[in-house]
Amino acid sequence: MKHRRQRMRQENSAMERERLEQRLASGSVSPIIAAGLRSDYAVRAAATRGLGYWVAARKQAFDRNVARSKTDPNSGLRLLLARIGGDSPAWDAQPRLVDFEDSFGPVIDELEPDLIHANDADMLGVAARAVVRARSRGRDVKLVYDAHEFFPGEIRHGDASWHVVMAGEERRYLPLVDGVCAAAEHIATAMAECYQLSTVPTVVNNMPERSTLVGVGEEVPGVRGDLELDADVPLIVHAGMVAPVRGLDAIVRALAEPGMSHAHFAMLVGSRQGHVADLVGLAESLDCGERLHLLDYVPVQELTAYLATATVGVEPFLHTPHQELTVTTKFWSYLNARLPIVVSDVKAMSGLVGEMGNGEVFVAGDAQSAAAALRKVFENRERYTAVYEADGPEATRFTWEPQAERMLALYQAVMHA
């Protein structure tokens, strides 16, 4: 752990030099201040090199980092370190960042790319350091950052320091990025305002590929076939991450509401542990455990067809700053499976449902409201699916191909800047 962290400190010294030169080149500091900044950098760089000799003599095994990563992520010390800011506190609070650097940094160097696409904030520091190393060797490498979430407003259950560190990574490295894309329009707008970006990030949604769509009249057993449910049985489906902040307990509790005794709820999950087990226990306590079904994830290229046999897709987010802004990948999968969609009243997704008329909105966390919205869909499903028929089965507005064109256009703009 220590020897890898020291190597990152030494490489990050070059990063600090790059940031310093950007400030000086902009003319925003006076010559006197510039001289002071250069002197300060030289002292810190020398101290970093000196520390490196000491650390090299006490090189630690890789399992030190593993042990550190298993300590309580919500400890007061870890959260304090995260809020202090800077690379070293960030690595203390989220040791996996060191693992990512150690695993991916050398590979990037070997590949000698012309452009690096940093997928989410976890990889932003790794990519930025790789760019600086490449430029120090005379290679002009461009960096595109792909933002999946609005971290200043995100919460990760069980890891209080996570969103603080990720927001810090963005603040630290965004000035070195050549182009930014974001996974939703509202996230792009919020990022531009929060970080005072000169250009609003390009919106690139993670939508299903056109080849995975289901044609009219196509017979696919899918989720209903796996559960051996008749065609007239209302089947609610959710595909994706299960966590308390996702609000899925409202859907489970809705199964016990009046008029819902015939409905089944299927969740596609990656694990039966944690909050999934909590939801199973909740369903059993409400005497509807036999109507809550857990199914394994299916390959992404099969997901749209698999979901298409359900009655309705749900996205019951609770209100958090990030969840107000995002449109999930599952939402686009439901849409392309031509399912009605029932969502909670978070801003972005409820706005889309209201605009399209392809579903209903309920009060986040309210089981009675969720049950009422679901019953409306059960009673007149064709009303909601009619909006899909207007565009026909070959509609491409909500597929990956147009999104890929946006991303490629961003790449071209960055490379020719």
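Q: What percentage of the 417 residues in the protein is buried?
A: The model is predicted: local features need pLDDT of at least 70, side-chain atom pairs count only at pLDDT 80 or more, and totals for chains, interfaces and linings use all residues. Residues are numbered from 1 along each chain as its sequence is written, and side-chain values use heavy atoms, with hydrogens and water left out. Buried means under 20% relative accessible area, exposed over 50%, and partly exposed in between, with a 1.4 Å probe and protein chains only. Among the 417 residues, the buried share is 50%.

Q: How many helices and strands does the protein have?
A: Both are DSSP runs numbered from the N terminus: helices are H or I with at least four residues, strands are E with at least two. The count is 19 helices and ten strands.

Q: How many disulfides does a search of the whole structure find?
A: A disulfide is a pair of cysteine sulfur atoms within 2.5 Å. Cys181 is buried, at 1% relative accessible area, while Cys194 is partly exposed, at 38%. Searching the whole structure for disulfides gives zero.

Q: Is the packing of H7 and H8 roughly parallel or roughly antiparallel?
A: Helix H7 (residues 124-136) packs on helix H8 (residues 162-173) at about 25 degrees, with axes 9 Å apart. Axes are lines fitted to C-alpha atoms, for helices over the stretch in contact, and angles run from 0 to 180 degrees between N-to-C directions. Angles under 35 degrees count as roughly parallel, over 145 as roughly antiparallel, 65 to 115 as roughly perpendicular and the rest as oblique. The angle therefore makes H7, relative to H8, roughly parallel.

Q: Which residues in H8 do Leu124, Gly125, Ala128 and Arg129 in H7 meet?
A: Contact means heavy atoms within 4.5 Å. On the H7 side the residues are Leu124, Gly125, Ala128 and Arg129. Their partners in H8 are Glu169, Glu170 and Tyr173.

Q: Which residues of helix H13 are buried?
A: Helix H13 spans residues 300-307. Its buried residues have cover that includes helix H10 (222-227), strand E5 (235-239), strand E6 (264-269), strand E7 (292-296) and helix H15 (329-336). The buried residues of H13 are Leu303, Thr304, Ala305, Tyr306 and Leu307.

Q: Which residues does Thr399 touch, not counting residues up to four places away in sequence?
A: Thr399 sits in the loop between helix H18 (381-389) and helix H19 (400-415). Thr399 is buried, with 0% relative accessible area. Not counting residues up to four places away in sequence, Thr399 touches Met207, Pro208, Arg210, Leu213 and Asn336.
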